[in-house]
Amino acid sequence: MKQFRIIIGAALLLVIGSTAASAQSGQLKLDLNYNYSLPLGSFKSDLINQGSGRGFSGSLQYGINNKWAAGLGVGFQDYYQKYPRAVYQLDKTQSVSAVLTNSIQVTPIMAKGTFMPMGGKGAVQPYISVGAGASLVDFKQYLGEFTSNSKTSASFVAQGGVGVNIPFGRLSASGIKIGADYNYVPYKNFGYNNLSSVNFHAGVFFPLR
Amino acid sequence: MKKTGALLAAAALILSLGACQKDAVSNLSTEESRIYITDHDSTVNFSSYKTYSISDSVAVIDGNQSTKQLDEADAAYITAVKKYMDGMGYTQVTKNDNPDLGVDVSHIIKTSTGLISYPDYWGYYDYYYDPYYWGYGGYDYYVPYAYDVYTVREGALSIDLLDLKNAASTNKIKLVWTGVIRGEGIFNTSTADSQVKALFDQSPYLKTND
């Protein structure tokens, strides 16, 4: 999983490094964002009740016209929660007192589309986006220092997002991107049924040659 | 060129902030690393037992070798077990006074496989604890319940309650309760009491009537 993230990161850096953000009207745009994620529903109540500031997302999208773009979106988010010591009933006669820790890493890979109603004009350009694909989920649950549940699996993910692009200048095709995404992840393992979240993100966008 | 540099810096910052992962185990203190597991025979009514006897040393199980020892930490564990057995309403007697329950404390270093597997531990129980010690030479031990199989490369401490009251009538010595402590810093004199307390606190059904 770590190697996978390094590969994604290195690939994005290589792409950035090989292409000057020359503010030309390029049709292929890359964005890279820092993510803060808030778990929702039973993900929050059963697994992780704190927000996670350990995440990033990015997308590479082709401008179909000046209002619509489509492409590929990827991301990564690390969730961690340590619950105070408690006694858990393992079966009818067996109990365990333990500090329970949940450690979950989610890596979505999606087909993504973006609609910009102002057609890429203006100092602040709102957008809405949708995406769907698969999310690689690395789930580990610990009792004390012992792994009690562990599984790496893929789950469906659907995403809807809103935000704004703020170009560096009136003619610039690069700028800052700020927004939020809702991620629907119907995860079904170990009696849990969702890893859905709202992710707030801030980053940069720029055209590729 | 300036803009490219700024974008590279922003991208590197985003990746360095967002790509890190919190390690679950290294974020645990020694106390938090430990787990306390208990299991018991659900058919037993513990209020039918009144007295107990505890072995005067700890069995150290290392591979297929078993020795008895009594160092400072072992003594602290035996003292703590007595304290919490008394707290549950039982009366300590000598093993020659027909105790209702026998109490064994085991310090498991490793089993013959190099891993700790509790079914293995119970499989060798009569080897670690000769039933003769409790006055029932030739009897077999009987385990009516089974833990999930945990295997680790480190130590554990196990406390077992044996039904001696009904051994003669059933021709076997039945384990009726087991408490297992696993994790870091188990064999520690200063924390022996709190660790044994955790096992008894989560087993309120052990209480007998004085």
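This is a predicted model: local features need pLDDT of at least 70, side-chain atom pairs count only at pLDDT 80 or more; totals for chains, interfaces and linings use all residues.
**Chain A cavity and strands, chain B cores**

Residues are numbered from 1 along each chain as its sequence is written, chains are lettered from A and ligands numbered from 1 in the order in which they are written, and side-chain values use heavy atoms, with hydrogens and water left out.

Stay with strand 2 of chain A. Strands here are DSSP runs of E of at least two residues, and helices are runs of H or I of at least four, numbered from the N terminus. A hairpin of four residues connects strand 2 of chain A to strand 3 of chain A, and the two pair antiparallel over nine bridges; pairing requires at least two DSSP bridges. Strand 1 of chain A also runs antiparallel to strand 2 of chain A, with seven bridges. There, L30(A) has L60(A) as its bridge partner in strand 2. Seven of the nine residues of strand 2 of chain A are buried, so this strand is largely enclosed by the rest of the structure. Buried is under 20% relative accessible area, exposed over 50%, partly exposed in between, with a 1.4 Å probe and protein chains only.

How many cavities of 30 Å³ or more does the search find? One, in the whole structure. A cavity is a set of points on a 1 Å grid over the protein atoms alone where a 1.4 Å probe fits but cannot get out, and lining residues have an atom within 4 Å of a point. The largest cavity holds about 240 Å³, a volume being the space filled by probe spheres set on the points. Its lining has 30 residues, and N35(A), P108(A), Q159(A), N183(A) and N199(A) lie nearest the centre. Strand 3 of chain A gives the most, six residues.

Now chain B. The largest nonpolar core has 32 residues, and M85(B), Y90(B) and I159(B) have the most contacts inside it. Such a core is a set of buried Ala, Val, Leu, Ile, Met, Phe, Trp, Tyr and Cys residues joined through side-chain atoms within 4.5 Å. Helix 3 of chain B contributes the most to this core, with seven residues. Apart from this core lies another, of 17 residues, including Y121(B) and W134(B).

Terms used: On a 1 Å grid over the protein atoms alone, a cavity is a set of points where a 1.4 Å probe fits but cannot get out, and a pocket is an open set with protein on both sides within 12 Å along at least five of seven lines; lining residues have an atom within 4 Å of a point.
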